[in-house]
Amino acid sequence: MNNSFFSRFTPKEPKFFPLLKQLSEVLYASSVVLVESLQHDQPAERLDYYKKIKELERKGDKLSHRILDELSTTFITPLDREDIHDLASSIDDVIDGINSCAKRIAIYNPHPISESGKELSRLIQEETVYISKAMDELESFRKNPALLREYSSKLHEIENQADDVYEFFIIKLFEQEKDSIEIIKIKEIMLELERTTDAAEHVGKILKNLIVKYA
């Protein structure tokens, strides 16, 4: 355990904080590309944006795997191993969600994405901003957890907004769309966008747990 008597006198490896920050930067970059992609409706353009996001997703996977590899070889870690593991995995899950959204848009090639879909993508991007800011606080939050607590609360608030956007859209979809195939395609894309906001909120829950545990 990192809070053991012995660990108090053993240097802790600081490399995990920069690695988590890099992972959050990949997450943010992915969200920016997703928002941009929803401004384009041509199949070739959608495919190009998906390829860009896929490349970022692979970069995120490499960083996530590196963090896990470092955990297996580092004697003393700045946070408990399972906490670093959960944080890295949860951030990677959001990147995977963004990739999944772009993949579905490229494959299904639906009618132009509605304003509700664009709003969900913007909410995802807003969440990634707070996740990235939270990674800046990891090294010092034990002394002052206020900002980390604020960011985790923001993630929860944004996810609630996303729920409202998704539910309102689904009501309108079944009222207005007459093409059953289009309904299936759009509904699945919107659901994946909403699930990605859930994944980002889960990062916030992990951050709250860190505050309870360490601050």
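**Ground rules.** I am working with a predicted model, where local features need pLDDT of at least 70, side-chain atom pairs count only at pLDDT 80 or more, and totals for chains, interfaces and linings use all residues. Residues are numbered from 1 along each chain as its sequence is written, and side-chain values use heavy atoms, with hydrogens and water left out.

**Entry 1: the cavity.** I looked for cavities (on a 1 Å grid over the protein atoms alone, sets of points where a 1.4 Å probe fits but cannot get out). I found 1 cavity of 30 Å³ or more. The largest cavity holds about 40 Å³, a volume being the space filled by probe spheres set on grid points joined across faces, edges and corners. Its lining residues (those with an atom within 4 Å of a point) are Ser37, Leu38, Arg46, Tyr49, Tyr50, Ala102 and Ile105. Two or more of them come from each of α2 (43-73) and α3 (81-108); helices here are DSSP runs of H or I with at least four residues, numbered from the N terminus.

**Entry 2: the pocket.** Next I checked pockets (open sets with protein on both sides within 12 Å along at least five of seven lines). The largest pocket has about 190 Å³ of space. Helix α5 gives the largest share of its lining, 4 residues.

Entry 3: A salt bridge needs a side-chain nitrogen of Lys or Arg within 4 Å of a carboxyl oxygen of Asp or Glu. Glu201 sits in helix α6.

**Entry 4: salt bridges.** I counted 14 salt bridges in the model. Asp80 and Lys213 form one of them, at 2.9 Å from N to O. Asp80 lies in the loop between α2 and α3 and Lys213 in helix α6, so this pair ties together parts 133 residues apart in sequence. Asp80 counts as buried because its relative accessibility is 6%, whereas Lys213, at 41%, is partly exposed.

Arg66 and Glu70 also pair, with their closest N and O atoms 4.0 Å apart. Both lie in helix α2, 4 residues apart, about one turn of the helix. Glu70 is buried, at 17% relative accessibility, and Arg66 is partly exposed, at 44%.

Note on methods. Buried means under 20% relative accessible area, exposed over 50%, partly exposed in between (1.4 Å probe, protein chains only).
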